[in-house]
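Reader: I'm new here, and I'd like to zoom in on one part and then see what surrounds it. Could you walk me through it closely?

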Amino acid sequence: MSAAPKHTVARFSPASRAAFVIALLLLIGLALAPWWAGRADMRLMSELFLYLALACLWNLLAGYAGLVSVGQQAFVGFGGYCLFAATIFLGVPPLLAVPAVGVAGVLIAIPVAFLIFRLRGAYFAIGTWVIAEVFRLTAAQVSALGGGSGTSLPVTVVKSIAASRSMREAATYWMALGIAVAVLVVVCLLLRSRRGLALTAIRDNELASQSLGIDIWRAKFFVYVITAGLTAAVGALIFLQKLRISPDAAFSVNDWTAFVIFIVVIGGIGTIEGPIIGTIVFFLLRETLADLGSLYLMILGFVAIIIMLRAPKGIWGYVRERTGLDLFALSRRVVLPSNMGPTDTNGPSKETDRGSQTT
Amino acid sequence: MDWVNAIVQGILLGGLYALFAAGLSLIFGVMRLVNIAHGDLIVLAAFLGLTVTTTLGINPLFAIVIVAPLMGLIGYGLQRVVLNRTLGDDILPPLLVTFGLSVIIQNGLLEIYSADPQKMSAGAIETASLNLPGGLNIGVLPLLMFITAVAVIGSLQWIFYRSAWGRAFRATSDNQDIAQLMGLNKSHVFGLAMALALVVVAIAGIFLGVRTSFDPSAGPGRLIFGFEAVIIGGLGNLWGTLIGGIILGICQNIGAQINPGWQLLAGHLAFLVILAVRPRGLFPRIDG
């Protein structure tokens, strides 16, 4: 008791190990879907994966970097249009075009970030919306891609994805699954890295993190640009699946931002688990209530407002407050040595769970 | 001559944009709240005006007498019941709650009034115009709107800097806790500020509905115009907001003169240029 005990830092907990194994099994099951799922189910699941990716990215932006954007549709639409331009004009194979579009998204996001980072807080939010409007109006001026009424992906391009229809559907499904997994992995790795630690510090207290030497502008800039690139890649896949693009669909604030925000808020902002739960809840609600049309959207708006006022940490925040669960091994826990050995995180150890203490 | 005409019409249009922006500027000045549903509230006011004019059979410009107090009440209630709970250091709750509100208003209007574009008719005044020397024609209605905008901004300025309400607004804006100690009820003051903002929104909404056709999805566009006028003019400066609106109106009309497809784009680009050159706007007064 007298000498300072040697401590170790544990990242995985039994719960997150179990979650990792279950996630791997689930992933294998989902990857085999073309052999067990029907056509409609696969379409629905692809859409779910793409929304999951968008939600994770928006969550990284707003929940971790404090950049509340209501203009992410700018990059979804940009990605879609870039995919159409690359495949139609340059003859790039669609599957290769997707990563290229991601790079293009990063490149376009750099000047955009320099401009709108001059706005702060809520004004930043509306500034991102202006950018999205500029993108939409510009796309409507591109007559080679159908101007305001949009265009369809030519049959030759569609055929170049894969020869048969079932192979094409499997390919687009795998790509949707692949990008959702890729986004999750990127977000997890980013948050576990030095930069992630800086981001979490910024999220918890901007002033304190600045006094510790974190360059806030650079940290936020990095996240904004990475998010934009990945969002553009997701956008490319969304419109590769739709096979048709128009400015209003590509830069829709409802489809690509409002729904995504509701997903993240309902699931739990500032957590990795939140967007996953939110996406599942969102699709369950949609499949049961979508017939109500605009009434359904009103319900969604009410639910989001009530959650924001009553339980601002969302469903997962509520669960974690009660159970202390952390499925993604993002926390660092200080483990003091005990009779039970240093690796036991459930022992008489002093825990510093950096995720759940502050918002 | 076309160009001079485009600029004159742009100035007059700028008055309407300043009306869109004035409420936004006021709310931000008092409680640092940016209301994403602001544009949808303008459209809501336009639809309320439509209902009032069709049921009572009166000129939409007189419907303001009914719609303005109604919107004021809605504003006070909204602030006391919902928005006051979101205010704090974190910018996320007010933003997301007003975003949810925006979706609710849009879809509520869609449910009641359908997606059809509507327009209010103000009668003969709509087509009346003044002939100025040099072949310039100025519509009476746009001129009336511009004069109203100047009057509204002048009154807001007077309320803000000369009246007891304005003192309460400024005191609460400067330091909420001390204002509470001096006997001001923060929630009530914020409620009054939102009520005042929505009275301006009511005027803007009626003018919008008389000037152009509108539908339930028109709100976000109005929010963006108002926001651009606020930023161009400089945060917290009401006269600056008027000038911001005018600059936006002129740029849009010049863009439309070059190519009809460039009208909105030209306005947005002007905003981005100002943001790049003078990020705090032309006449800034407070920090964002």
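Author: Let's start with helix α16 of chain A, residues 314-323, whose buried residues are G314(A), I315(A), W316(A), G317(A) and R320(A). Helices are DSSP runs (H or I, at least four residues; strands are E, at least two), numbered from the N terminus. This is a predicted model, where local features need pLDDT of at least 70 and side-chain atom pairs pLDDT 80 or more, while totals for chains, interfaces and linings use all residues. Residues are numbered from 1 along each chain as its sequence is written, and chains are lettered from A and ligands numbered from 1 in written order.

What do those buried residues of α16(A) pack against? Three helices of chain A: α13 (253-267), α14 (273-289) and α15 (294-310). Packing rests on contacts, that is, C-beta atoms placed from the backbone and lying within 7 Å.

Staying in chain A, you can look for S46(A) in helix α3, residues 39-64. S46(A) counts as buried because it has 23 C-beta neighbours inside 10 Å. If you set aside the neighbours within four places in sequence, S46(A) is in contact with T172(A), Y173(A), A176(A) and Q241(A). L177(A) is 131 residues from S46(A) in sequence, yet their C-alpha atoms are 6.6 Å apart.

Chain A also touches chain B: 34 residues of chain A are in contact with 32 of chain B. On the chain B side, α4 (92-113), α9 (219-233) and α11 (263-277) each supply at least two residues. The largest share of that side, 14 residues, comes from α4(B).

Elsewhere in chain B, helix α2 (residues 38-56) crosses helix α8 (residues 186-211) at roughly 65°, with their axes coming within 7 Å. Such axes are lines fitted to C-alpha atoms over the stretch in contact, with angles from 0 to 180 degrees between N-to-C directions. On α2(B), the residues making this contact include L41(B), A45(B) and G49(B), and on α8(B) they include L198(B), V201(B) and G205(B).

One more stop in chain B: strands β1 (residues 129-132) and β2 (residues 136-139) run antiparallel, joined by four bridges; strands pair when DSSP finds at least two. N131(B) has N137(B) of β2(B) as its bridge partner. Three residues lie between the strands of this hairpin, where G134(B) takes a positive phi near 95°.

Technical notes
Two residues are in contact if their C-beta atoms, placed from the backbone, lie within 7 Å. A residue is buried if 20 or more other C-beta atoms lie within 10 Å of its own, exposed if 12 or fewer, and partly exposed in between; C-beta atoms are placed from the backbone.
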